[in-house]
Amino acid sequence: QVQLVESGGGSVQAGGSLRLSCAASGRTSTSYMAWFRQAPGEEREFVATIRWSGGNTYYADSVKGRFTISRDNAKNTVYLQLNSLKPEDTAVYYCAARLYSGYARESVEYDYWGQGTQVTVSS
């Protein structure tokens, strides 16, 4: 089983930056990791994904060029660097883990979830 704990959220002004962290324990070496976000009243939205083994990354079009997903295998931690933040980026950001083979962009394809961390961007 995988346990995920997010941190690093906060409130920033538009154009600012944050770095989110996801500390993972369990079967991390065989997992595909992802970040999702969910604004109030909205569906959970895919943001980015990366595999523990291998470095290919995939991003939602809305965040390409602004967000970067990365990992530190020694620390069992996945990061999401958020730059050039916009008010529409405001959401709860969730870390997720997928234990099956292959990358995925749908929330139902992920097996484990963290509790989320709030990101608020003011204009």
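Student: Which residue takes a positive phi in the hairpin of strand 7 and strand 8?

Tutor: In this predicted model, the residue is Asn 76, whose phi is near 50°. The hairpin has 4 residues between its strands.

Student: What makes strand 7 and strand 8 a pair?

Tutor: Two strands pair if at least two bridges are found between them. Strand 7 (residues 67–72) and strand 8 are joined by 6 bridges and run antiparallel; therefore they meet the definition of a pair. One of the residues involved is Phe 67, whose bridge partner in strand 8 is Leu 82.

Student: How many bridges join strand 3 to strand 8?

Tutor: There are 6 bridges, and strand 3 and strand 8 run antiparallel. Leu 20 has Leu 80 of strand 8 as its bridge partner.

Student: Why is Ser 31 called buried?

Tutor: The term requires a relative accessible area under 20%. Ser 31 has a value of 1%, so Ser 31 is buried. Ser 31 lies in the loop between strand 3 (18–25) and strand 4 (32–38). Leaving aside residues up to four places away in sequence, Ser 31 touches Val 2, Arg 51, Trp 52, Ala 97, Arg 98 and Leu 99.

Student: Why is Thr 68 called partly exposed?

Tutor: Buried means under 20% and exposed means over 50%, with partly exposed in between. The relative accessible area of Thr 68 is 40%, so Thr 68 is partly exposed. Thr 68 is found in strand 7. Among the residues that Thr 68 touches are Tyr 79, Leu 80 and Gln 81.

Student: Which residues touch the most other members of the largest nonpolar core?

Tutor: They are Met 33, Trp 35, Leu 80 and Tyr 93, in a core of 35 residues. Several strands each supply at least two residues of this core, including strand 3, strand 7 and strand 8. Strand 9 gives the most, with 5 residues. In soluble globular proteins, nonpolar side chains tend to be buried together.

Student: What does Leu 80 touch, not counting residues up to four places away in sequence?

Tutor: With those residues left out, the contacts of Leu 80 include Leu 20, Trp 35, Phe 67, Thr 68 and Tyr 93. Contact means heavy atoms within 4.5 Å, so each of these residues has a heavy atom within that distance of one in Leu 80.

Terms used
Residues numbered from 1 in each chain as written. Predicted model: local features only at pLDDT ≥ 70, side-chain atom pairs only at ≥ 80, totals over all residues. Heavy atoms only, no water. Buried < 20%, exposed > 50% of the residue type's maximum accessible area, 1.4 Å probe, protein only. Core = buried A, V, L, I, M, F, W, Y, C linked by side-chain atoms within 4.5 Å.
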